[in-house]
Amino acid sequence: MLSRLKNHDWLITIIVLILLGLSLIVIYSATINIQTGSESQSLLLTKQLIFIVAGMAVYFGISFIEFSWFKNPAVLKILYAVTIGLLLFVKIAGTPFQGAKRWIDFGFFSFQPSEYAKIVLILVTAGIFTISSNLLEGTEIRFNSKKLPRLKHWYQRLVSRADELLTEY
């Protein structure tokens with residue numbers, strides 16, 4: 001654990017802390033005249049400070065995690081299945097907000113699975129590339145004893161249709 005702190009990139013941490021300090025200054029200057037309404041200036045600053053402390057705790061907590069377990073295909077399948085399940089749940093029973101059903105409301109906080117799905121997609125893709133280094137090559141790929149199409153050609157088709165896919169939504 002101490003070796004992870006010793007090898008930690010402290011320059012990035014210092015830059016993040018400077019940016020967070022600047023964000024507190026901006027919030028203070030933007031809310032200096034707020035005294036009426038639902039939230040006062042001190043409440044907004046306190047709330048932001050709580051989020052900063054919680055975010056830094058998560059930041060350091062994640063830096064101590066060993067991610068070698070992520071090479072396990074079962075973990076990738078579970079992570080992907082949970083993400084797809086959450087996205088389907090939002091589609092069926094999501095809470096509408098500003099005309100879009102993209103949120104799951106838990107009462108004390110709201111959760112938007114599409115934002116986490118982006119991260120999960122990146123992590124699962126990286127895990128697949130780590131497990132199978134021959135995915136982009138022309139070799140045959142098998143998954144659960146089924147032959148899969150070559151990813152290189154699929155990826156090229158996806159990129160060529162990206163404009164059409166992005167403007168559809």
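1. Tyrosine 80 is partly exposed, with a relative accessible area of 41%. This residue sits in helix α4. Its C-alpha atom is separated by 7.6 Å from that of leucine 121. Along the chain, tyrosine 80 and leucine 121 are 41 residues apart. Note that this is a predicted model.

2. Next, the helix pair. Two packed helices are described by the angle between their axes and the distance between the axes. Helix α4 covers residues 73-93, and helix α5 covers residues 113-131. Their axes come within 10 Å. They cross at roughly 155 degrees. Angles over 145 degrees count as roughly antiparallel, so α4 and α5 are roughly antiparallel to each other. The crossing of α4 and α5 is left-handed.

3. Which residues of α4 meet α5? On the α4 side they are Pro73, Leu76, Leu79, Tyr80, Thr83, Leu86, Leu87 and Val90. On the α5 side they are Pro113, Ser114, Ala117, Val120, Leu123, Val124, Gly127, Ile128 and Ile131. The residues of this contact divide into 14 nonpolar, 3 polar and no charged. Tyr80, from the opening point, is one of the α4 residues here.

4. Now the sheet. Strands of a sheet pair through backbone hydrogen bonds, either parallel or antiparallel. Here 3 strands form an open sheet, in the order β1-β2-β3. The pairing is antiparallel. β1 (95-97) and β3 (110-111) are the edge strands. Each of these pairs on one side only.

5. Look at how β1 joins β2. Strand β2 spans residues 100-105. It is joined to β1 by 3 bridges, and the two strands run antiparallel. Phenylalanine 97 stands opposite alanine 100 in β2.

6. How does the sheet sit against α4? The helix α4 lies across β1, β2 and β3. It runs at about 115 degrees to β2.

7. Finally, the link between sheet and helix. Glutamine 112 lies in the loop between β3 and α5. Is glutamine 112 buried or exposed? Its relative accessible area is 17%. Buried means under 20%, so glutamine 112 is buried. Leaving aside residues up to four places away in sequence, glutamine 112 touches Arg102 and Trp103. Compare tyrosine 80 in α4, which is partly exposed at 41%.

How values were computed:
Residues numbered from 1 in each chain as written. Predicted model: local features only at pLDDT ≥ 70, side-chain atom pairs only at ≥ 80, totals over all residues. Heavy atoms only, no water. Axes fitted to C-alpha atoms, helices over the stretch in contact; angles between N-to-C directions. Helix = DSSP H or I, 4+ residues; strand = E, 2+ residues; numbered from the N terminus. Parallel < 35°, antiparallel > 145°, perpendicular 65-115°, else oblique. Left-handed = near helix turned anticlockwise from the far one by under 90°. Contact = heavy atoms within 4.5 Å. Nonpolar A, V, L, I, M, F, W, Y, C, P; charged D, E, K, R; others polar. Pairing = 2+ DSSP bridges. Buried < 20%, exposed > 50% of the residue type's maximum accessible area, 1.4 Å probe, protein only.
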